[in-house]
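User: Hi! I would like to learn how to read a few features of a fold. Could you walk me through one?

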Amino acid sequence: WKMACSARREREQEEHKKARKTDLVAEVEVAKRCKAEGLDPHLDPSNTTGYAGIWCSGKRSMPFDAAVDGHRLGRFSTLADAVICYSKFKQDGLEEARKWKMACSAQREREQEEYKKARKTD
């Protein structure tokens, strides 16, 4: 029994390390992309994602939702895209946030088409 508990605890610790590593990679990506866009990411340590107005939706393909001041900005496939959209809304207004969302949607559609083409050729 002790060995089973110990093994389970080790697995949980490994999973936690992997999740934290993924979180750190996402944080670096957010910081890098926000800097490239000239934006300041709005940090919120009390939020599960670490960013104001961004939460996990639980959807597999579009796991991040963004909203600010009563405006739902949309669902995003990456944390960085959601944070940038939120930051654009805060800095430049709703129109710029909508443009960013449209650009993200177009990029996602292109990626899906490429994936479908690659699957057909296999």
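Analyst: Happy to. Let us begin with a definition: a residue is called buried under 20% relative accessible area and exposed over 50%, with partly exposed in between. Please keep in mind that this is a predicted model.

User: Thanks. Is D69 buried or exposed by that rule?

Analyst: D69 counts as exposed, because its relative accessibility is 59%. You will find D69 in the loop between β2 (64–68) and β3 (71–76).

User: Let us step back to the whole chain. In what order do the elements run?

Analyst: From the N terminus on, the order is α-β-β-β-α-α, which comes to 3 helices and 3 strands. Of the 122 residues, 28% count as buried.

User: And how are the strands paired? Which way do β2 and β3 run?

Analyst: β2 and β3 run antiparallel and are joined by 5 bridges. Within this pairing, F64 stands opposite F76 in β3. β2 also pairs with strand β1 (residues 54–56), again in the antiparallel sense, over 3 bridges. There, I54 has A66 of β2 as its bridge partner.

User: How many residues of β2 are buried?

Analyst: 4 of its 5 residues are buried, so β2 is largely enclosed by the rest of the structure.

User: How should I read the nonpolar core?

Analyst: As a general idea, in soluble globular proteins nonpolar side chains tend to be buried together. Here the largest nonpolar core has 22 residues, and V30, I54, L73, F76, L79 and V83 touch the most other members. At least two residues of this core come from each of α1 (2–37), β2, β3, α2 (79–92) and α3 (94–121). The most come from α2, which gives 8 residues.

User: Which residues does L79 contact, leaving aside neighbours within four places in sequence?

Analyst: L79 is in contact with A26, V30, T49, Y51, I54 and F64.

User: Now the cysteines. How many disulfides does the structure hold?

Analyst: A disulfide is a covalent bond between the sulfur atoms of two cysteines. This structure holds 0 of them. Take C104: its closest cysteine sulfur is in C85, 6.9 Å away, so the two are too far apart for a bond. C104 counts as buried at 14% relative accessibility, and C34 is buried too, with a relative accessible area of 0%.

User: One last topic, the rings. What sits over the ring of F76?

Analyst: The charged end of K101 does, 4.7 Å from the ring centre. As for aromatic pairs, the structure holds 0.

Note on methods. Residues are numbered from 1 along each chain as its sequence is written. This is a predicted model: local features need pLDDT of at least 70, side-chain atom pairs count only at pLDDT 80 or more; totals for chains, interfaces and linings use all residues. Side-chain values use heavy atoms; hydrogens and water are left out. Buried means under 20% relative accessible area, exposed over 50%, partly exposed in between (1.4 Å probe, protein chains only). A nonpolar core is a set of buried Ala, Val, Leu, Ile, Met, Phe, Trp, Tyr and Cys residues joined through side-chain atoms within 4.5 Å. Contact means heavy atoms within 4.5 Å. A disulfide is a pair of cysteine sulfur atoms within 2.5 Å. Rings of Phe, Tyr and Trp (its six-membered ring) pair if their centres lie within 6.5 Å; planes under 30 degrees apart count as stacked, over 60 as edge-to-face and the rest as tilted. A charge sits over a ring if NZ of Lys or CZ of Arg is within 6 Å of the ring centre and within 35 degrees of the ring normal. Two strands pair if DSSP finds at least two bridges between them.
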